[in-house]
Every structure is written in structure tokens, then in C-alpha cells.
Amino acid sequence: MGTLLKYLFYIFVIIVIYLLGVGFYEGTINKDSTVGEVASDVTQGTKNIIKDGYQATKETIEDGADAIKDNN
């Protein structure tokens, strides 16, 4: 269980670093940004990534179920 939590933490850190990098690149995060604005951007981006991952997983499962039905 500890290993799973460790990997989930690593994934979260990678997502945060990615979102910060995207924010700097797009210009939404600059030297005048407050900590609250940055945290809000990261929070919203994390929610979007999780939502997109959930939808992709759901679609993959549905496609697999349809493929199994088609083969039978």
C-alpha cells in the first residue's frame, strides 16, 4: 500500500510540474502572478486532466465491451 501511495504522489508532483510549465509557457503565470492565482490554475488543470483521463478510460472500457459483443 505504501508503494502505491508513493507512486500516486510522484504522479501528482509530475502533473503539478507539467501544469506550472504550461502556465509559464502560455503566459498565464508570470512574475506578477500571486500564489493564489497559480494554485487556482494548477487546481483547475489537475481537475481537467483527471476528468479527461476518466473519460478516456470509460470510453476504452465501453469500446472493449462492444468489441467483445461483436465477436460473440
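**Entry 1. A charge and a ring.** I count a charge as sitting over a ring if NZ of Lys or CZ of Arg is within 6 Å of the ring centre and within 35 degrees of the ring normal. The model I am reading is a predicted one. I looked for such a charge and found Lys6. Its charged end sits over the ring of Tyr7, 5.8 Å from the ring centre.

**Entry 2. Rings beside Tyr7.** Which residues form an aromatic cluster? I noted Tyr7, Phe9 and Tyr10, which form one cluster. I then looked up the ring pairs, and the count is 2. For Phe9 and Tyr10, the ring centres are 6.3 Å apart and the planes are at 50°, so I logged this pair as tilted.

Are these two residues buried or exposed? I checked each in turn. Phe9 has a relative accessible area of 51%, so I put it down as exposed. Tyr10 is at 43% relative accessibility and counts as partly exposed.

**Entry 3. Elements of the chain.** I listed the secondary structure next. The chain has 2 helices and 0 strands. The radius of gyration is 18 Å, while the globule rule gives 11 Å for 72 residues, so the chain is more spread out than a compact globule. I also took the spans of the C-alpha trace along its principal axes: about 60 × 30 × 15 Å.

**Entry 4. Helix 1.** I compared its length with expectation. Helix 1 has 25 residues, which should span 36 Å at 1.5 Å a residue. The end C-alpha atoms of helix 1 are 36 Å apart, which agrees. Which residues of helix 1 are buried? I found Ile15, Val16, Leu19 and Gly23. These buried residues pack against helix 2. I also looked at what follows helix 1. There I found Gly27, with a positive phi near 90°.

**Entry 5. Helix 2.** I read this helix from residue 35 to residue 71, a run of 37 residues. From first C-alpha to last, helix 2 reaches 54 Å, close to the 54 Å expected at 1.5 Å a residue. I noted its buried residues as Val38, Val42, Gly45 and Thr46. What covers them? Helix 1, residues 2-26, is included in that cover.

**Entry 6. Surface.** I closed with the totals. How much of the chain is buried? Buried residues make up 14% of its 72 residues. The accessible surface comes to about 6100 Å². Carbon and sulfur atoms hold 62% of that surface.

How values were computed. Residues numbered from 1 in each chain as written. Predicted model: local features only at pLDDT ≥ 70, side-chain atom pairs only at ≥ 80, totals over all residues. Heavy atoms only, no water. Phe/Tyr/Trp six-rings, centres within 6.5 Å; stacked < 30°, edge-to-face > 60°. Buried < 20%, exposed > 50% of the residue type's maximum accessible area, 1.4 Å probe, protein only. Helix = DSSP H or I, 4+ residues; strand = E, 2+ residues; numbered from the N terminus. Expected span 1.5 Å × (residues − 1). Contact = heavy atoms within 4.5 Å. Rg over C-alpha atoms; globule rule 2.2 N^0.38 Å. Areas by Shrake-Rupley, 256 points an atom, 1.4 Å probe, with all protein chains shown as cover.
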